[in-house]
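Then we turn to some single residues.

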Amino acid sequence: MNLALTVLNITAPVFLLAAVGFVWVKLGFEYRVAFVTRMAMTLAVPCLIFVALMNIEAEPQAIATLSLASFVAYGLVMAVCFILVKMVRLDTRTYLAPLIFGNTGNLGLPLALFAFGETGLGYAVVVFAVMAILSFTIGIWMVAGAGSFKRVVQEPLVGATLLGALFLWQGWKTPIFLTNTLELIGQMAIPMMLITLGVAVARLETKAMTQAALLSVVKLVICGGAGWAAAVWFGLDPIAAGVLIVQLATPVAVTSYLLAEKYGADAQPVAGLVVASTVLSVLALPLILAFVI
């Protein structure tokens, strides 16, 4: 009973905030996703990442090990998902990237914070940064047939990650007034992202949900299994291991749908994956948290 209440306390705020965005749109109120997303990804999330990394209470070696474990885990997921897509004869441009990359930002960061505290948030930022780098390079190539190193370099979250890693490595701290300011800006990120997630899901139109549901279950098993395998392989501490597994097990991100629309892939099946995997995560993520806590 205590474990169930603990998991409920961790997951309920995440899904309730997403529900706020969902209900907001269903009531007919205006919500400018493009503006909020740009503010979050350009300002709030980079500040959150920088402060989280700067203040993380972990050895640089532990961060380096988690980064390597994250790359290996995503490599495993890419290999298995590629084989799966080819075996089932699905369109690679449409299905491969959504099956690999999860919602490690909107959903993964708050879950890590509520489940593992500030240390967990710092670890989750590392996994999120690895996912973002892979998503903006290999992920774009999967959908559009071309990557963009320049785009990766220009992403504020990548710059914030590198700068935060430098401060962590050197043991530097920004002045208190600046830290407080950056922290206050970063605190906007999690509620903004969760509410926007609910808004985006509410606006999606999708068909063929049976296939989407089956693929969502397969994605959960592959990604969660890869996270567990990498955690065991690299001997991660319990918090880092739990964060890695939870981050990889997050559902398909709404950005996968936006990328499919932008680069001319079949966006409707991706929308189905977003909805089906997000609904599945309501049941699956509490079980995963109960396993890793």
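In this predicted model, helix H10 covers residues 209-233 and helix H11 covers residues 238-248. The two pack at an angle of about 160°, and their axes lie 7 Å apart. Angles over 145 degrees count as roughly antiparallel, so H10 is roughly antiparallel to H11. The crossing of these two helices is right-handed.

Which residues make H10 and H11 meet? From H10 come Cys 223, Gly 224, Ala 226, Gly 227, Trp 228, Ala 230 and Ala 231. From H11 come Ala 241, Leu 244, Ile 245 and Leu 248. Sorted by class, the residues of this contact are nine nonpolar and two polar, with no charged residue.

Now take a second pair. Helix H2 spans residues 33-55, and helix H9 spans residues 189-203. Their packing angle is about 150°, with the axes 10 Å apart. The cut-off for roughly antiparallel is again an angle over 145 degrees, so H2 is roughly antiparallel to H9. Here the crossing is left-handed.

On the H2 side, the contact is made by Val 33, Val 36, Thr 37, Met 39, Ala 40, Ala 44, Val 45 and Leu 48. On the H9 side, the residues are Ala 189, Ile 190, Met 192, Met 193, Thr 196, Val 199 and Arg 203. The contact of H2 with H9 has 12 nonpolar residues, two polar ones and one charged.

Is Met 41 buried, exposed or partly exposed? Its relative accessibility is 25%. Partly exposed lies between the 20% limit for buried and the 50% limit for exposed, so Met 41 counts as partly exposed. Setting aside residues up to four places away in sequence, Met 41 touches Pro 46, Phe 128, Pro 156 and Leu 157. Gly 105 is 64 residues from Met 41 in sequence, yet the two C-alpha atoms are 9.8 Å apart in space.

Next comes Leu 66, in helix H3. Its relative accessible area is 0%. Buried means under 20%, so Leu 66 is buried. What does Leu 66 contact, leaving aside neighbours within four places in sequence? The partners are Tyr 123, Val 126, Val 127, Leu 236, Ala 240 and Leu 244. Look again at two of these names. Val 126 is 60 residues from Leu 66 along the chain, but their C-alpha atoms are separated by 7.5 Å. Leu 244 belongs to H11 and takes part in the meeting with H10.

Follow the chain on to Arg 89. This residue sits in the loop between helix H3 (60-88) and helix H4 (92-100). Most residues other than glycine have a negative phi. Arg 89 has a positive phi, near 65°, and is not a glycine. The relative accessible area of Arg 89 is 77%. Exposed means over 50%, so Arg 89 is exposed.

Last, a charged pair. How many salt bridges does the count give? The count comes to one. Arg 32 forms a salt bridge with Glu 30. The closest N and O atoms of the pair are 2.6 Å apart. Both Arg 32 and Glu 30 are exposed.

Methods:
Residues numbered from 1 in each chain as written. Predicted model: local features only at pLDDT ≥ 70, side-chain atom pairs only at ≥ 80, totals over all residues. Heavy atoms only, no water. Axes fitted to C-alpha atoms, helices over the stretch in contact; angles between N-to-C directions. Helix = DSSP H or I, 4+ residues; strand = E, 2+ residues; numbered from the N terminus. Parallel < 35°, antiparallel > 145°, perpendicular 65-115°, else oblique. Left-handed = near helix turned anticlockwise from the far one by under 90°. Contact = heavy atoms within 4.5 Å. Nonpolar A, V, L, I, M, F, W, Y, C, P; charged D, E, K, R; others polar. Salt bridge = Lys/Arg side-chain N within 4 Å of Asp/Glu carboxyl O. Buried < 20%, exposed > 50% of the residue type's maximum accessible area, 1.4 Å probe, protein only.
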